[in-house]
Amino acid sequence: MSATVSECTKSGFFFDFDGTIAPIMRDPSAVRPVPGALERLRLLATLVGRVAIVSARPAAFLRDRFPAMPRLSLFGLYGMQTVVDGRVRTEAEAGAWAPVIARVTADAARELPGEVLVEDKALMVALHYRSSPSLRGAVERWASAKAAELGLREQYGRMVVELRPPVEGDKGTLVERETEALTRAWYFGDDLSDGRAFEALRGREERDPAFLGVRVAVANGETGDELARRADFTIDAPEHTPHLLDHVIRAFPAAPYAG
Ligand SMILES: O=P(O)(O)OC[C@H]1O[C@H](O[C@H]2O[C@H](CO)[C@@H](O)[C@H](O)[C@H]2O)[C@H](O)[C@@H](O)[C@@H]1O
């Protein structure tokens, strides 16, 4: 903690959204940050150089969930989107795939069993089998066939398979880029895609001994223990993230409730 405080302006905190600072629920559209998360993020953003959300959700969704937080950076769809001055900016290369994603989204709604929730994210589609876990194999096979047919990329997550444009980039490349000017970076995550961000911090530490990365995993049976094994700290639920942030914030002499 003291290493972060002593280089606060060159320290960054990066958070995944679902399962990390928001609860896992059956209906993705109903999800909001856990109680206390917004207040801690707002405060943290006054104490360190960078605070960001790194999510597979569309950037517009994140903007809605984190209103009036100008010092919070929002990266959506694994970095294919960001919010700049309140506006969503989409990578042109990804945007060109919108018609293909629209087609596969329509196919999914028509061809997959009704229990599969098809989440239309415009530039990605998420196929959720949380309400019928036994459909996992069928959903994964369908997604693999469509990915091969249409040249899309698959991303596996917690009771979900996503199809996305085959453009370069993931949470790892995003975190690598966004931490270039930092000497300390914390990453909080719970899912398979967050492993890439953990790796990015580890890679930077290996290249640059002055850099310190801190990996925090929100442990859960769905992801297995691989992420937790690679973490420096583990917590048991997204509801505990604000408490961990309280410990971090208290370490800053300038914090309102320091001491
Ligand atoms: O990168 P993230 O912010 O963690 O987004 C990953 C996926 O999160 C959402 O799905 C997950 O949470 C849902 C709501 O709790 C849950 O129903 C689902 O089973 C989880 O996989 C989101 O709906 C997806 O679009 C994201 O890819």
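Trainee: Okay, I'm looking at strand 9. Which residue there is the bridge partner of Ala126?

Mentor: That's Glu162. Keep in mind that this is a predicted model.

Trainee: Got it. And how many bridges do strand 7 and strand 9 pair over?

Mentor: Four bridges, in the antiparallel sense. Strand 7 covers residues 125-128, and strand 9 covers residues 160-164.

Trainee: What's the strand order in the sheet?

Mentor: The order is 6-7-9-8, in an open sheet of four strands with antiparallel pairing.

Trainee: Which ones are the edge strands?

Mentor: Strand 6 (117-120) and strand 8 (153-157), since each pairs on one side only. From one strand to the next, the twist averages 20°.

Trainee: Now the helices. Which strands does helix 5 touch?

Mentor: Helix 5, residues 98-111, packs on the sheet and touches strand 6, strand 7 and strand 9. The direction of helix 5 makes about 20° with that of strand 7.

Trainee: And where does helix 6 lie?

Mentor: Helix 6 (residues 136-150) lies across strand 7, strand 8 and strand 9. It runs at about 10° to strand 9.

Trainee: What about the two helices together? At what angle do helix 5 and helix 6 pack?

Mentor: At about 150°, and their axes are 12 Å apart.

Trainee: Why are they called roughly antiparallel?

Mentor: An angle over 145 degrees counts as roughly antiparallel. Helix 5 and helix 6 pack at about 150°, so they are roughly antiparallel to each other.

Trainee: Is their crossing left-handed or right-handed?

Mentor: The crossing of helix 5 and helix 6 is right-handed.

Trainee: Which residues meet there?

Mentor: From helix 5 you have Val100, Val104, Asp107 and Glu111. They meet Trp142, Lys146 and Leu150 in helix 6. By class, the residues of that contact are four nonpolar and three charged, with no polar ones.

Trainee: Let's zoom out. What domains does the chain have in the assignment?

Mentor: The domain assignment gives domain 1, which is 2-90 + 169-250, and domain 2, which is 94-164.

Trainee: How many Å separate their centres?

Mentor: Taken over C-alpha atoms, the centres of domain 1 and domain 2 are separated by 25 Å.

Trainee: And how many residues does the contact take from each domain?

Mentor: It takes 14 residues from domain 1 and 16 residues from domain 2.

Trainee: What classes are on the domain 1 side?

Mentor: The side of domain 1 that touches domain 2 has seven nonpolar, four polar and three charged residues.

Definitions and conventions. Residues are numbered from 1 along each chain as its sequence is written. This is a predicted model: local features need pLDDT of at least 70, side-chain atom pairs count only at pLDDT 80 or more; totals for chains, interfaces and linings use all residues. Two strands pair if DSSP finds at least two bridges between them. Axes are lines fitted to C-alpha atoms, for helices over the stretch in contact, and angles run from 0 to 180 degrees between N-to-C directions. Two residues are in contact if their C-beta atoms, placed from the backbone, lie within 7 Å. Angles under 35 degrees count as roughly parallel, over 145 as roughly antiparallel, 65 to 115 as roughly perpendicular and the rest as oblique. A crossing is left-handed if the near helix is turned anticlockwise from the far one by less than a right angle, and right-handed if clockwise. Ala, Val, Leu, Ile, Met, Phe, Trp, Tyr, Cys and Pro count as nonpolar, Asp, Glu, Lys and Arg as charged, and the others, Gly among them, as polar. Domain bounds come from an automatic or database domain assignment.
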